[in-house]
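Visitor: I am new to this structure. Please take one part of it and go through that part closely.

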Amino acid sequence: MAYDDDNIFARILRGEIPSRKVYEDEHALAFEDINPQAPVHVLVIPKGRYVSMADFGTTASPAEITGFFRAVATVAAQLGLDRPGYRMLANHGDAAGQEVPHFHVHLFGGRKLGPMLTRVQAD
Ligand code: 5GP
């Protein structure tokens, strides 16, 4: 899948759409999710043009990958989530329900988060 320069997170990175920024460095931007699923729900995105985890994990440089995941850890720590704990999640593709085609990690915290997945009925 080719990268779409008009996806919503590309537009947030360019400053064309406002976001509630919580962290930024050379590799990553973190901002509050517009539709939070927990008291803390932050999205962390790399600055490069990567569609999803498969794209990022295979084509980003080692410096970008290291920088990005260090930023995720930094954001979680700065938000005070390390000790109570938090969940990080990345949706890849249709089966996972990925809505925005720019790789992103969700950080959830601020309450007990419950089971990892809601059990769904088999077809
Ligand atoms: P996905 O389903 O792709 O893993 O998650 C996309 C997330 O982006 C959703 O949690 C959704 O609420 C969030 N989102 C979609 N559009 C915007 C927006 O314009 N601003 C912000 N801050 N979050 C958005």
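In which strand is Met 88 found?

Guide: The model is a predicted one. Met 88 is found in strand 4, which covers residues 87-89. Its relative accessibility is 43%, so Met 88 counts as partly exposed; the cut-off for exposed is over 50%, and that for buried is under 20%. On the surface, Met 88 belongs to a nonpolar patch together with Met 53, Phe 69 and Tyr 86. The accessible area of these four residues together is about 330 Å².

Phe 69 leads from the patch to the aromatic rings. Phe 69 is also part of one aromatic cluster, with Tyr 50, Phe 56, Phe 68 and Phe 103 as the other members.

The structure holds seven aromatic pairs. One of them joins Phe 9 and Phe 31, whose ring centres are 5.4 Å apart and whose planes stand at 75 degrees, so this pair is edge-to-face. Phe 9 lies in helix 1 (residues 8-13) and Phe 31 in strand 2 (residues 28-32), so the pair links distant parts of the chain, 22 residues apart. Phe 9 is buried, at 7% relative accessible area, and Phe 31 is buried too, at 3%.

Phe 68 and Phe 103 make a tilted aromatic pair, with 5.3 Å from centre to centre and 50 degrees between the planes. This pair also links distant parts of the chain, 35 residues apart: Phe 68 is in helix 3 (residues 62-78), while Phe 103 is in the loop between helix 4 (93-96) and strand 5 (105-109). Both Phe 68 and Phe 103 are buried.

Methods
Residues numbered from 1 in each chain as written. Predicted model: local features only at pLDDT ≥ 70, side-chain atom pairs only at ≥ 80, totals over all residues. Heavy atoms only, no water. Patch = residues over 30% accessible without salt bridge, like charges linked within 9 Å, V, L, I, M, F, W, Y side chains within 5 Å. Areas by Shrake-Rupley, 256 points an atom, 1.4 Å probe, with all protein chains shown as cover. Salt bridge = Lys/Arg side-chain N within 4 Å of Asp/Glu carboxyl O. Helix = DSSP H or I, 4+ residues; strand = E, 2+ residues; numbered from the N terminus. Buried < 20%, exposed > 50% of the residue type's maximum accessible area, 1.4 Å probe, protein only. Phe/Tyr/Trp six-rings, centres within 6.5 Å; stacked < 30°, edge-to-face > 60°.
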